[in-house]
Amino acid sequence: MQALMMNTPLMISSILKHAEKNFPQVEMVSVTVDNPRHRQNFKTFARRSRQLANVLESLGAKFGDRIGTLAWNDYRHMELYYAVSGAGMICHTINPRLFPEQVAYIINHAEDKILFVDALVMPLIEALKEHLPKVETVVVLTDKAHMPESSLPNVLCYEELLEAQSDDYDWPEFDENTASGMCYTSGTTGNPKGVVYSHRSTLLHALSGALPDVTGASNLQTTLPVVPMFHVNAWGAPYAALMVGTKLVLPGPKMADGETLTDLMVSEEVTVTSGVPTIWMALLDYLESSNKTIPSLERVSVGGAACPRSIIERFRDQHNCTVVQGWGMTETSPLGTVFALKKGMEDYSTEQITDLQCLQGRGVFGIEMCIVDENNEELPWDGVASGALKVRGNWVAKGYYGLSDEPGSEDCPVDEKGWFQTGDVAAITPEGYLQITDRTKDVIKSGGEWISSIEIENAAVNHPDIAEAAVIGRYHPKWTERPLLIVVMQEGKSLSSEAVSDFLKDKLHKMAMPDGVEFIDELPHTATGKINKLALRETYQDYKFPAA
Ligand code: AMP
């Protein structure tokens, strides 16, 4: 028997409609290139989003078109999130900090016809113009007074476009499994891969994310997502905030600047914030050196990389603030696990609680997880056994854009049993807390951004005196991880580490330059002839970078 309940599709536009009706006066405060403190309420935001939907149609965007954004966290990017998806197009957020070749690859692969870019990103687009044959229109996210000079043929001004449009627009209803957003991950080897979110997955993710033991999002809070909106939808904050009416504070391009963040948080009375460990390290250092604190701040969500214990302790002891660590991936929208205490832990000592905060949190409803050994046999949740972490659920990717989604096939991350293979290695405690212990994939995560180890290795072995090279990520107090290059020299040859760095300088992006170079006689290899990075990571377990 079929149920007799309404089958209303889960639409992103429903969040916007709800916010406009129920929280019209809630504020969205932004730092932008053209305004150090822009303010608008959700009512104005909803009106402008409707105008933007009309702009998209006037530019010829059709249902299912990918619309690229290269922008920081601010109200115009928020408007794109809602208008693009709401009108049935796909909001494709792109990280402007990637290598230019990767940016071009991603735009071309997704076939973005229209790009909405921050004024600060225009030099990058100018530099790439020859390499973006399918881009027809570039809209700069600013007003007329701040429009940059450009040599590109079809560059338009966001505010001028908006002004010319009516705010009369009815958000269409369509299948909730329609693609709503897209985000490429470079967290895998090879070319970046496109993760495609749906209206349904985004809504369910936001609903579960707002649960009390997850983020506990509320109208009583003010949130400042430092995590970029080009990085897995700022972990869902743009949706959850409008769903429950949380005041949003968006730091624009100033996200890594301790002083701006502090000023914003203090003056806007921010209660919750989210970002990668590197950001918090910088903020804590700034607060300490300037002898400041953020009285309103209650909770700091940390993810994207393992959170050092010192961050948890410093926020607790110096700022009376709880750090909540979570684990997730671009492919998991990103919510997978989040820290929260369980009944019976109320009497835990501060140290015991900190121990738990150092783990990656426990599974959120909607995500199933398991760990398996080399034979794909499930391992117990005993806090000791560690194996490959797999997840599945309503907001987990089943394939990548343009690649086969046949389970078990080479490009498909999902195995025959329907589990997404995360590439992380983990243990799970009997209470269900996840502990990431390693990564089977070899990319390095530095300050929340991926660095390809293969790219550095390829550059190094181009030196005529270098026989073999391997790169692993090692702990760095500021960046969480930095690349360590391990080199085997050709017989009878020798080089200094400075000479190796000099050689790499014009071949690698600054961020990818190894922080340390080590020389060994032979690299460990696996049975299939691959460099055994697990063994290398063990050998260099306690390695300290010279400058760290
Ligand atoms: P991304 O797709 O860029 O968000 O990166 C996802 C990857 O970041 C995961 O597969 C992990 O390797 C890593 N990661 C995310 N959160 C954490 C965490 N809390 N602790 C350790 N590693 C993490």
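Colleague: Why does aspartate 34 count as buried?

Modeller: A residue is called buried under 20% relative accessible area, exposed over 50% and partly exposed in between, with a 1.4 Å probe and protein chains only; aspartate 34 has 17% relative accessibility, so it counts as buried. This is a predicted model, in which local features need pLDDT of at least 70 and side-chain atom pairs count only at pLDDT 80 or more, while totals for chains, interfaces and linings use all residues. Residues are numbered from 1 along each chain as its sequence is written, and side-chain values use heavy atoms, with hydrogens and water left out.

Colleague: Where is aspartate 34 placed, and with which side chains does aspartate 34 make polar contacts?

Modeller: Aspartate 34 is in the loop between strand 1 (27–30) and strand 2 (38–41), where strands (E, at least two residues) and helices (H or I, at least four) are DSSP runs numbered from the N terminus. A polar contact is a pair of N or O atoms within 3.5 Å; within protein, one must be able to donate a hydrogen and the other to accept it, and residues adjacent in sequence count only if both atoms are side-chain atoms. The side chain of aspartate 34 has such a contact with the side chain of threonine 32 at 3.0 Å, and another of 2.6 Å with that of threonine 142.

Colleague: What makes phenylalanine 116 and tyrosine 158 an edge-to-face pair?

Modeller: Rings of Phe, Tyr and Trp (its six-membered ring) pair if their centres lie within 6.5 Å, and planes under 30 degrees apart count as stacked, over 60 as edge-to-face and the rest as tilted. Phenylalanine 116 and tyrosine 158 are 6.2 Å apart from centre to centre, with 80° between the planes, and this makes the pair edge-to-face. Phenylalanine 116 lies in strand 5 and tyrosine 158 in helix 6 (residues 158–163), so the pair ties together parts that are 42 residues apart in sequence. Phenylalanine 116 counts as buried at 0% relative accessibility, and tyrosine 158 at 1%.

Colleague: Why is the pair of tyrosine 169 and tryptophan 171 called edge-to-face?

Modeller: Their ring centres are 5.0 Å apart and their planes stand at 70°, so this pair, too, is edge-to-face. Both tyrosine 169 and tryptophan 171 are buried, and a search of the whole structure finds 10 aromatic pairs.

Colleague: How do you know that arginine 392 lies over the face of tryptophan 419?

Modeller: A charge sits over a ring if NZ of Lys or CZ of Arg is within 6 Å of the ring centre and within 35 degrees of the ring normal. Arginine 392 is at 4.0 Å from the ring centre of tryptophan 419 and lies over its face. The charged end of lysine 193 likewise sits over the ring of tyrosine 400, at 5.9 Å from its centre.

Colleague: Is asparagine 376 buried, exposed or partly exposed, and why?

Modeller: Asparagine 376 has a relative accessible area of 36%, so it is partly exposed. This residue is in the loop between strand 17 and strand 18, and has a positive phi of about 65° although it is not a glycine.

Colleague: Why does threonine 480 count as buried?

Modeller: Threonine 480 has 12% relative accessibility, and therefore counts as buried. Threonine 480 lies in strand 24 (residues 480–489), and its phi is positive, at about 70°, although it is not a glycine.
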